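The following exercises are intended for a reader who meets this structure for the first time.

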Amino acid sequence: MESLWNTLAGEQFEESPYRPVQVGGVTMCALYVDRNNEERKYTTDLYFDTGLSFVAKPRFLSYRHRFVLVPKDNISGANRWDMRASDVADWIRWSEHMSHTIVTSTFKSGASVPSLLHAQSFGARREGQYLSSLVQAQTSVVVPWDIMPLFQEVQIAKLHGYPLNGLKLSAMKTCQGLEQISDKAFELALNYDHLKAFNLVIVPENTDHYTVYFVPRKKSATTIYGLHRWQIGSYEMNGQLQAPSQQEADDLTEAAVLNMYRTTCLDEEEFDEFQRLIHTF
């Protein structure tokens, strides 16, 4: 897949340069993503069969080996917007096989085309470093292994030292672990806001465990930050701050990043309410 991507992208492709932005104890990346004439310049009409429940569409914008992962029933014209547990499982399979980070947005969480379920995929590392600030977050275990009925191979932890509130789900790398973490992520999404106001980020960061980050979003559907329409989605939850202009990418400060997350993500009181879902099944 990556070889095909390289051939289609050609030698003129250049990754967007990143500028590190320190936000508390976490290093994030500010970059300008040129979305002008995006469909004409940066996409192709080719879709590749992955052998999973989705096809992969190469995209040549900002990130090397970037793919849009589209469920096959959307290609056939069904226009499915809702996530299924099987979608999460296949995203995890792709992430592990390709060593790619997977990000997905939904209605009310920053998706450009929320009426068509899709995820985006790109190489998990650049110059040896993870393209995910989430891996830098500290965590505290909320539900340890072997506690949840029917989810004994899943652990749930809360993020700390990260500028937004979210959960880290881990699962044993077994068939049961894959099924259980997919079902648990789906269950949280369904119970929180009927598969709408949340982002998922899947990072192949551990040789022993699957990892899925679950970020609930404000149910008020706040996904735009600033007058210039910052579109805050799953990339931004992952720590890749995609500015709408080069000047804004150059000028981005820690204070602005914190305000961005306050605008779009749950505060402590709201997150405490959300966490009640962990004990509701």
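## Exercise 1: The surroundings of Phe-271

Apart from residues up to four places away in sequence, Phe-271 touches Lys-158, Asn-165, Gly-166, Leu-167, Pro-216 and Leu-266, where contact means heavy atoms within 4.5 Å. The model is a predicted one, in which local features need pLDDT of at least 70, side-chain atom pairs count only at pLDDT 80 or more, and totals for chains, interfaces and linings use all residues. Residues are numbered from 1 along each chain as its sequence is written, and side-chain values use heavy atoms, with hydrogens and water left out.

Task: state in which helix Phe-271 lies, and whether Phe-271 counts as buried or exposed.

Solution. Step one: Phe-271 lies in helix H9, residues 268-275. Helices (H or I, at least four residues) and strands (E, at least two) are DSSP runs, numbered from the N terminus. Step two: the relative accessibility of Phe-271 is 0%, so Phe-271 counts as buried. The classes are buried under 20% relative accessible area, exposed over 50% and partly exposed in between, with a 1.4 Å probe and protein chains only. Step three: Phe-271 and Arg-217 are 54 residues apart along the chain, and their C-alpha atoms are separated by 9.5 Å.

## Exercise 2: The nonpolar cores

Task: determine how many residues the largest nonpolar core has, and which residues have the most contacts inside it.

Solution. Step one: a nonpolar core is a set of buried Ala, Val, Leu, Ile, Met, Phe, Trp, Tyr and Cys residues joined through side-chain atoms within 4.5 Å. Step two: the largest such core has 45 residues, and those with the most contacts inside it are Leu-69, Met-83, Trp-91, Leu-167, Leu-169 and Phe-214. Step three: another core, of 35 residues, lies apart from it, and Val-21, Val-26, Tyr-225 and Tyr-261 are among its residues.

Step four: take Leu-69, which lies in strand S5, residues 66-71. Leu-69 counts as buried because its relative accessibility is 0%. Neighbours within four places in sequence left aside, the contacts of Leu-69 include Phe-54, Trp-91, Trp-94, Ile-102 and His-118. Step five: take Leu-167, whose contacts, not counting residues up to four places away in sequence, include Ile-156, Leu-188, Phe-214, Phe-271 and Ile-278.

## Exercise 3: Two packed helices

Task: describe how H4 and H5 pack, giving the angle and how far apart their axes are.

Solution. Step one: two packed helices are described by the angle between their axes and the distance between the axes. Axes are lines fitted to C-alpha atoms, for helices over the stretch in contact, and angles run from 0 to 180 degrees between N-to-C directions. Step two: helix H4 (residues 85-98) and helix H5 (residues 175-193) pack at about 130°, with axes 8 Å apart. That angle makes H4 oblique to H5, since angles under 35 degrees count as roughly parallel, over 145 as roughly antiparallel, 65 to 115 as roughly perpendicular and the rest as oblique.

Step three: on the H4 side the contact is made by Ala-85, Val-88, Ala-89, Ile-92 and Arg-93, and on the H5 side by Leu-178, Ile-181, Ser-182, Asp-183, Ala-185 and Phe-186. Step four: by class, this contact has eight nonpolar, one polar and two charged residues. Here Ala, Val, Leu, Ile, Met, Phe, Trp, Tyr, Cys and Pro count as nonpolar, Asp, Glu, Lys and Arg as charged, and the others, Gly among them, as polar.

## Exercise 4: Residues in loops

Task: locate Glu-127, His-194 and Arg-80.

Solution. Step one: Glu-127 is in the loop between strand S8 (125-126) and strand S9 (129-130). Its phi is near 55°, a positive value in a residue other than glycine, and at 77% relative accessibility Glu-127 counts as exposed.

Step two: His-194 is in the loop between H5 and strand S13 (198-202). Although not a glycine, His-194 has a positive phi of about 50°; at 43% relative accessibility His-194 counts as partly exposed.

Step three: Arg-80 is in the loop between helix H3 (72-75) and H4. Arg-80 counts as buried because its relative accessibility is 7%.
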